[in-house]
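Hello,

Here is the structure I said I would hand over.

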Amino acid sequence: MTKFNYKPLPKGVTIGNSKIQGLGLFSTDLFPTHTILGISHHIVDYQIIRTPLGGFINHALKPNCELVENGSTYILRTIRNILPQEELTVRYSIEQ
């Protein structure tokens with residue numbers, strides 16, 4: 001039998017106390033521009049389901065990450081180099 005370990009966050013990402021709001025996502029490694037960190041949201045039957053990446057990412061007017069639509073999922077990707085211990089952020093937006 002093969003054992004699988006579920007890891008809710010990708011390697012190099014942790015949850016910590018945010019200066020923005022409550023808890024947030026933080027890097028523990030250096031991430032270059034355009035690094036794909038993982039899936040942040042799934043869309044199932046017109047419902048948006050957040051993964052831990054989507055649930056803990058905070059808003060910033062000058063974010064260092066973006067959400068990229070990929071079919072029925074959204075991917076979290078860096079838009080500039082991210083240093084260790086830096087909070088990962090996106091710009092929240094509502095499209096109509």
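**The largest pocket**

The largest pocket holds about 580 Å³ of space. A pocket, on a 1 Å grid over the protein atoms alone, is an open set of points where a 1.4 Å probe fits, with protein on both sides within 12 Å along at least five of seven lines, and lining residues have an atom within 4 Å of a point. Its volume is the space filled by probe spheres set on the points, which are joined across faces, edges and corners.

This is a predicted model: local features need pLDDT of at least 70, side-chain atom pairs count only at pLDDT 80 or more, and totals for chains, interfaces and linings use all residues. Residues are numbered from 1 along each chain as its sequence is written, and side-chain values use heavy atoms, leaving out hydrogens and water.

Of the 20 residues lining the largest pocket, His-41, Leu-67, Tyr-74, Tyr-92 and Ser-93 are closest to its centre. At least two lining residues come from each of E3, E4, helix H1 (52-56) and E6 (helices, H or I, at least four residues, and strands, E, at least two, are DSSP runs numbered from the N terminus). E6 gives the largest share, 4 residues.

**The sheet**

Four strands form an open sheet in the order E4-E3-E7-E6, with antiparallel pairing; two strands pair if DSSP finds at least two bridges between them. Strands E4 (47-50) and E6 (65-70) are the edges, each pairing on one side only. Strand E3 (residues 36-44) is joined to strand E7 (residues 73-78) by 5 bridges, and Ile-36 stands opposite Arg-77 in E7.

Regards
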